[in-house]
Each structure stands twice: as C-alpha cells, then as structure tokens.
Amino acid sequence: MTALTTGAEMHDLVRRLYPLCRSITGDGLRQTLEIIGESIPLEITQVPTGTKVLDWTIPREWNIRDAYVKDAAGNKVADFQDSNLHVVGYSGPVEATMSLEELRGHLHTLPEQPDLIPYRTSYYAETWGFCLSQNTLDGMADGPYEVRIDSTLADGHLTYGEHVVRGSSSQEVLISCHVCHPSLANDNLAGVAVAVALAQRLSDPWYTYRFIFAPGTIGAITWLALNRERTDRIRHGVTLACAGDGGTITYKRSRRGDAEIDQVFAHVLKDRPHTVLDFSPYGYDERQYCSPGFNLAVGSLTRTPYGGYPEYHTSADNPDFVRPEAMEDTLETLWTAVRVLEANRRYQNLSPYGEPQLGARGLYGSLGGRSDTKQAQMAMLWVLSLSDGLNSLLDIAERSNLPFQAIADAAHALQNAGLVKEWMG
C-alpha cells in the first residue's frame, strides 16, 4: 500500500492521476479507482447501462482514444493527446473535413480568459465538440480543417469504489468524493488525495467510516439507489472537494442546518479564518445525500468553493495550482472534526446532589502540575454540571467556551473516578 502522510505525498497522487481522462463512465474512471486502490483497498461496484437508479438511468459508457482538429498545414490546433480538456466530455465519434464556419458551432472558449482551455461535458445530450483557448481560435484561418474524434458510446457500466474502515459501532460516517472530472487537479483530485490520507490515518474508530469514490451526481444517486437499506446507519457525512487551493476552509451546512456534523465544523473552525455557508441545493453530491427523501446529515468541505476561483473548470486547474500545504491543512481540519465526532458523547452525573469532592478522589492531582490545571478543573465542573443526558460534550464545550479536548479529557477522568457514566438513553 502507498502511504500518504504528507502534503508532498498527496500531491504526488494528484500528479499521477492528473493525465487520466475521467468521465462518469469508462476506462479512465476505472483506472483512477485502480490507482486509488493501491493506497486503500476498494470494493468496486459496476452498474450496467440502462439500470434505473431513482429517477435516473445509467447511460451508455464513453471511451475515447484520440481526437484532434488539424489545419491545412497539418498543425493540430486542438489535440486530445496534449490535453484531454480539448474534447467535450461524451463527444460522439466524428471524422470530417470542414471550414471554420462549419466548425465554429462545435468550438468552446473562454473569451474572458483567452489563454485557458475550458472544461465542458454533454453527458445526456448526444453531440460533439472541442475546447480551446480564445487566442487559438482568434488565430485560426478559414480552413479547411480535418476533424477527428475516435470515441465510442456503447453499453457498458458505471463504476464506483468504496472503502470501509470498520468501527466499534455500525453507525457510519460518510466521506464522499467525485472522481469524474478529467485533468482538473483541485476539482477534484486534491479531494481524492485528502480522503485517501484520512482513510489511512483512521485506526480502531468508534464509528464505521465509509469512503465513496464515485462520479458526480449520477454516482451518488446510484449509490443511494442501491443502498437504501444502509442509509439509516449514516449519522454524519461530508462531501470533499477543492481541497488543495490557497483559499481558507469553507464548510457548507447540511440541509438540516443544525446537525451534529454542522455543529462540529462550526466548533473546529471558530478560531481560524474560515467561511460557513448555509445549505443550498446546488453544489456537489451533498445535494443528493441531503435530498428530502434521505435527508442525511451531510455537509460539504472545500477550500475555495466551486466556481469561486478563476482556475475553476479550466486548464489552469493543474497540479501546480494545488498546494501540498493546503492539502495538509484540509486533512488536519477534517481529522480534528473526526476526533470531535469520535469523542462526542452524552454523560450522566452519578453524584448529582451537590458538588462531589474531587480532591478526595485525586482528580485535581491527576490533572495538576500543568499550566492548564485551572482549565482542567473548570472542565470537570462544567461536565458535572451539564451531564444530564441532554447535553453532549460538544454542547458543554460551546457553553463553557473551553476547548473540546479539555472537556473530553475531563469526562474521561470523571468516568474513571465513577462520577459519570455514558448516557445510553
């Protein structure tokens, strides 16, 4: 197994995956899952073309071998071998000679960013096209042009991968990444790399952690359709994307708005620059997991959100745009949230009539001799005061304005002393 413990190692995975031509189906998607599987074992599911999944149907599988637009002198003004962004995703096969006027309706550019190649797809409407820079288009003569797309649209499969870290509980935390974009590093190879690193770091958790690597929208919908009986086990979840740019962390709340996962990220992020957004039904696959029929407590973690940086869905979203230190920071933020989730329990005070004598039980001494002794003492008093089965440790941390870990340490010490027990109601 390939270990990802540093930003540089996560960045190496981004660079390795970057050249592959991914889409919602096809060989590039399967190759991506194979490479992820070198770092964490994946259970692969293949769903045949034509399968009904909720209100959707699995489309035909798309594969592409080559594509180009060649001018009269033999120069390729758009070349799939140079960048897979040059071809509109799901383009059907083409072999023709045409003028620039005939070709123009199939060409896509970014006039406001004239040096960049845009990312375009047409999954569910059969067409074809090329993407190129506006500067290239401006320099093109009238033609003729040789146009070739060597692709196939045929019955096949939609493929997704799952990695599960079993915990003491059957209750699950869902971490979901989309793996359908071609050569786009931040959206979403950086998210994939951070998810892999988190999966490797988890060891003997209380929750069971389920990592889903699936094509966007149709992949999450497919997983939900095939796993309806499992969804009632999902207590918390996060979609992970855009994890490597230089912006600060952004968390988008679940549809519920006040779910425990929303409270956890609000607590984890409050002492650092960040943005918290309310839920909206537009974005990544959180909108599928949060759809009313499922209403799962799934938020979204990014750095700069989708569409919020000029490199988004362009050829400028390359491995040089992704920062190893940013991926490390995203990983550590997610890891801190996981630690809070793991430790966030409710307790019952077993000595609720008056304040128990902590010194007689050696509790002050066990936590003494440190600069934060006073904090530890206050944390124990707060835990004793609010351990009524209604307040979680996170609730207590928020009300006391003390660090969550200080509250969790206090609860552990009080439990060992027989003064509190975990609330099982």
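Helices (H or I, at least four residues) and strands (E, at least two) are DSSP runs, numbered from the N terminus. Axes are lines fitted to C-alpha atoms, for helices over the stretch in contact, and angles run from 0 to 180 degrees between N-to-C directions; contact means heavy atoms within 4.5 Å. This is a predicted model, in which local features need pLDDT of at least 70 and side-chain atom pairs count only at pLDDT 80 or more, while totals for chains, interfaces and linings use all residues. Residues are numbered from 1 along each chain as its sequence is written, and side-chain values use heavy atoms, with hydrogens and water left out.

Two strands pair if DSSP finds at least two bridges between them.

Let us now step back to the whole chain. The protein chain has 13 helices and 19 strands, and its C-alpha atoms fill a box of roughly 90 × 40 × 40 Å along the principal axes. Of its 425 residues, 56% are buried, where buried means under 20% relative accessible area, exposed over 50%, and partly exposed in between (1.4 Å probe, protein chains only). Among contacts with a separation of 6 or more, 80% are between residues 24 or more positions apart.

Strand 4 (residues 61-70) is mostly covered, as 8 of its 10 residues are buried. Strand 4 runs antiparallel to strand 9 (residues 145-154), with 9 bridges joining the two; N63 is partnered there by T152 of strand 9. Strand 4 is also joined to strand 5 (residues 76-79), again antiparallel, by 3 bridges, and V69 has A78 of strand 5 as its bridge partner. The hairpin of strand 4 and strand 5 has 5 residues between the strands, and G74 takes a positive phi near 90° in this hairpin.

The cysteines come next. The structure holds 0 disulfides, a disulfide being a pair of cysteine sulfur atoms within 2.5 Å. C180 is in no disulfide, and the nearest cysteine sulfur, that of C177, is 11 Å away. C180 is buried, with a relative accessible area of 4%. C242 is buried as well, at 0% relative accessibility, and its sulfur is too far for a bond because the closest cysteine sulfur, in C177, is 11 Å away.

A search of the whole structure finds 3 cavities of 30 Å³ or more. On a 1 Å grid over the protein atoms alone, a cavity is a set of points where a 1.4 Å probe fits but cannot get out, and lining residues have an atom within 4 Å of a point. Grid points are joined across faces, edges and corners, and a volume is the space filled by probe spheres set on the points. The largest cavity holds about 80 Å³ of space. Its lining has 14 residues, of which R22, V87, G89, Y119 and P182 lie nearest its centre.

Methods: On a 1 Å grid over the protein atoms alone, a cavity is a set of points where a 1.4 Å probe fits but cannot get out, and a pocket is an open set with protein on both sides within 12 Å along at least five of seven lines; lining residues have an atom within 4 Å of a point.
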